[in-house]
Structures are given as C-alpha cells and as structure tokens.
Amino acid sequence: RRISEPPPPGAGVYMEVHRRTPSPAPPPPAAGSVRVEMREEIEHLIGRVLARGGFDEGAARLLAEMGDDALAEMVKRFPGPLDCDRYQESSRLKCVGQHGPLLRALLVFGARAAPYVAPLLDSFDSEVRFYATFFFSEVLAPDALPGLVKRLFDGDRQIRVLALDVIRGFESLPEY
C-alpha cells in the first residue's frame with residue numbers, strides 16, 4: 001500500500017491504494033537446460049555400457065528407465081562395438097546380447113526399442129542392416145515385418161539367410 005503525498009488542500013485524509021500483483025513465481029528451468037542435463041546423463045550411461053571390462057547392467061536399466069531420449073541416442077551408435085565377427089562365426093550365431101554391449105543394452109528395452117531399430121533395416125551399411133535384422137530374432141515386433149521382408153532380397157547373402165530365419169520366428173503372429 002502506498003500513501004500519496006501530499007494530500008490535496010482542504011480535503012481530509014487522502015490515501016491512494018495500489019494493489020500490487022503478486023510477483024510471479026520464478027520460471028521453471030528452461031526446457032533446454034533440463035534436456036542438456038538429461039543428454040549429459042544419457043551420454044554418461046551409454047559410456048558406462050560401452051566401456052570394456054564387463055557389461056554394466058545397472059547403467060542399461062537406468063537408460064531403459066529414461067525411455068525414448070536414451071533410445072534415440074543409443075541407435076545413433078548402432079550396432080556399437082562388437083565382440084563377435086559375424087563372418088568368423090562358423091556355426092550358429094550367438095545370442096544378440098553376446099555380440100556387443102550396445103545390442104545387449106537395447107535388449108533391456110525389449111519391444112520399446114523396435115521402432116528405433118526398425119528404420120536401421122534400410123541402412124546403407126551392411127553391418128547395421130545385419131544387426132538390425134539380428135535384433136528382431138529376439139524381439140518380436142510385428143511392425144518390423146515389412147522391413148525384414150525387404151532383407152530377404154538384400155545384396156548380402158548372410159543378411160538374406162538371417163532374415164529368412166528371423167521371419168520364421170514371427171509365424172505365430174497374425175501379421176505373418
């Protein structure tokens with residue numbers, strides 16, 4: 001409240017009341033700064049997953065809790081460092097998770113990772129196409145079937161053979 005001075009001559013007490021609007025609450029942190037902090041945390045956790053010397057299951061689970069933002073960053077590095085050479089495997093391939101830490105971390109996401117991995121089926125890089133196809137041998141995602149069918153006609157023989165095997169795993173689904 002404010003009393004204006006001086007009062008007008010001849011008048012009684014003169015008081016002018018100004019209502020102040022409450023000061024606005026401090027703005028929340030800018031969405032960009034939260035996004036930057038989250039991106040830094042995601043980068044740190046991905047680094048822990050990719051570090052040599054054993055798979056960091058805790059970091060993979062934290063990434064899974066972060067959801068889509070973590071998936072988007074992880075697929076940028078797909079398939080990640082590999083522990084197996086697909087050309088040297090003379091018999092049956094090992095499980096997807098045994099081929100590399102990033103692949104193993106993506107399996108923690110399960111079907112939630114499928115929409116991020118499916119576009120990689122059309123990559124120009126045959127290694128990326130191979131591991132994207134291989135990923136769906138353990139994650140049944142009906143939406144990936146059209147991309148997997150394209151891999152039946154891939155220029156890489158290993159990818160064609162793998163795609164046939166992976167697609168057979170979808171036989172129980174109505175989309176098959």
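Trainee: Why is Glu-43 called partly exposed?

Mentor: In this predicted model, Glu-43 has a relative accessibility of 30%. Buried means under 20% and exposed means over 50%, so a value in between counts as partly exposed.

Trainee: What makes Glu-43 and Arg-77 a salt bridge?

Mentor: Their closest N and O atoms are 2.4 Å apart, and the rule asks for a distance within 4 Å. Arg-77 sits in the loop between helix 3 and helix 4 while Glu-43 belongs to helix 1, so the pair ties together parts that are 34 residues apart in sequence.

Trainee: Why is Arg-86 called buried?

Mentor: Its relative accessibility is 0%, and buried means under 20%. The side chain of Arg-86 also meets that of Glu-127 in a salt bridge, at 3.0 Å from N to O.

Trainee: How do you know that the length of helix 8 agrees with what a helix should span?

Mentor: Helix 8 has 12 residues, and at 1.5 Å a residue they should span 16 Å; the end C-alpha atoms are 17 Å apart, which agrees.

Trainee: Which residues of helix 8 are buried, and what puts them on the same side?

Mentor: They are Ile-159, Leu-162, Ala-163, Val-166 and Ile-167. These residues cover an arc of only 130° around the axis, so they lie on the same side of helix 8. They pack against helix 6 and helix 7.

Trainee: Where does pLDDT stay under 50?

Mentor: Over residues 13-23. Where pLDDT is low, the predicted coordinates should not be read in detail.

Terms used
Residues are numbered from 1 along each chain as its sequence is written. This is a predicted model: local features need pLDDT of at least 70, side-chain atom pairs count only at pLDDT 80 or more; totals for chains, interfaces and linings use all residues. Side-chain values use heavy atoms; hydrogens and water are left out. pLDDT is the predictor's confidence in each residue, from 0 to 100. Contact means heavy atoms within 4.5 Å. Helices (H or I, at least four residues) and strands (E, at least two) are DSSP runs, numbered from the N terminus. The expected span of a helix is 1.5 Å times one less than its number of residues. Buried means under 20% relative accessible area, exposed over 50%, partly exposed in between (1.4 Å probe, protein chains only). The arc is that of the directions from the helix axis to the C-beta atoms.
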